[in-house]
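Welcome! Please take a moment to look over the sequence and the model shown here before reading on.

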Amino acid sequence: MQAVKRFINNEIVLCVAFVLAVISSFFVHPDKQYIGYIDFRTLSILLALMITMAGLQRLHVFRQIGELLVAKMNSIRGVTLVLIALCFFSAMFITNDVALLTFVPFTIVTLSISGRKDLFIIVIVLETIAANLGSMLTPLGNPQNLYLYGLAGMSLIKFIKLMLPYSVVAFVMLAATTIWAVKSAPVVLKEKTSYERTKRDKAQILMYVFTFFISILVVARLIDYPQGLIIVIAITLIFDRKVLSKPDYSLLFTFIFLFIFIGNMKRIPEVSSAINSLVSKNEVAVSIGLSQIISNVPAAILCSGFTDKIDKLIIGTNLGGLGTLIASMASLISFKQYGYIDGADKKKYMVVFTVANILFLIVMYFIYIMLV
């Protein structure tokens, strides 16, 4: 029983998606149309990317890059700027989840050996915002972008142009906030991890760089997704099969259950009409609002079934990642990592997190209004 409770607590979004899919199946009985609900292209790219990122993470590639950059700084302000920039820019390519899983623990260690534990909360909160906002610039940045990008059928350049103004403003805000919040003071980082790469490690790093390149080609529609996934899985099976157990497969099932739920809702005329009237012409506001309650990935899938203005949903669900702790599930990663620290003040963290996120959300939404 404890195991079940623990699973539900850890996978609450998956469980809710499953329940919704099951309930909806009583109204629209399973038939041949169910298979058409599922976006296999998104799932394939997502799996290929998760396998690649899991492999690079296991080899501590991102951590090593972070350590090399931080080691060049001689002030605590410089260190924090680098840490936040790492989350912002890396999230564009390795996803916001992986960025936070990599750099938040690294931040805790770095600030601890710098004697600046007082900066834990503000730096981790800003890193979380940085990862969520940095990830919005590319389809690779987060799951809802990957899904909406595929659904829209837009080019990679068009996607980047759509989100670029928000990314530029976000980075300027993050830099300004960091400079304001962290006073300049000298710092010496004596501890440094030694990375001794074997020939096998180096070969595997090159292998995952190659699989990442394959994933990008699939995203850019230069390789068909079935072939791309087969290449990634085949290479991994041959050279590093253990890493296949690392990806978050629950996310894939969450997508599948949500696809089934939305597909069924669209086949119920009364429900479809009601949701369509709510979402239509209010895509950005509705997707931001829904994200605060159910997080931005489910919000993207839900809203996408009832509007053809996918560009508005891309903006709305990306901005919607700001706000509450569950607006972007990646934010929970930071919160959990902070909670492992001895003497962690979770209430203070929540206050700082909420205030900072709301302020950033207000500014980002204002930018949207200015650009409309």
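Below is a short tour of this model, one topic at a time.

## How to read the model

This is a predicted model, in which local features need pLDDT of at least 70, side-chain atom pairs count only at pLDDT 80 or more, and totals for chains, interfaces and linings use all residues. Residues are numbered from 1 along each chain as its sequence is written, and side-chain values use heavy atoms, with hydrogens and water left out.

The pLDDT is the predictor's confidence in each residue, from 0 to 100. For the protein chain its mean is 91, and 98% of the residues reach 70 or more. Helices here are DSSP runs (H or I, at least four residues), numbered from the N terminus.

## The nonpolar core

A nonpolar core is a set of buried Ala, Val, Leu, Ile, Met, Phe, Trp, Tyr and Cys residues joined through side-chain atoms within 4.5 Å. Buried means under 20% relative accessible area, exposed over 50%, and partly exposed in between (1.4 Å probe, protein chains only). The largest such core holds 122 residues, and Tyr166, Phe255 and Leu319 have the most contacts inside it.

A contact means heavy atoms within 4.5 Å. Not counting residues up to four places away in sequence, Leu319 touches Met136, Tyr166, Ile288, Leu361, Met364, Tyr365 and Tyr368.

## Helix α7 and its surroundings

Helix α7 (residues 96-113) has 18 residues and spans 25 Å from first C-alpha to last. That is close to the 26 Å expected at 1.5 Å a residue, where the expected span is 1.5 Å times one less than the number of residues. Its buried residues include Phe103, Phe106 and Leu111, and what covers the buried residues of α7 includes α4, α5, α6, α8 and α18. After α7 comes glycine 115, whose phi is positive, near 70 degrees.

Isoleucine 51 lies in helix α4 (residues 40-58). Isoleucine 51 counts as buried because its relative accessible area is 1%. Leaving out residues up to four places away in sequence, its contacts include Tyr208, Val232 and Pro247.

Serine 304 belongs to helix α16 (residues 296-304) and is buried because its relative accessibility is 9%. Its side chain makes a polar contact with the side chain of tyrosine 147 at 2.7 Å. A polar contact is a pair of N or O atoms within 3.5 Å; within protein, one must be able to donate a hydrogen and the other to accept it, and residues adjacent in sequence count only if both atoms are side-chain atoms.

Conventions: Helix = DSSP H or I, 4+ residues; strand = E, 2+ residues; numbered from the N terminus.
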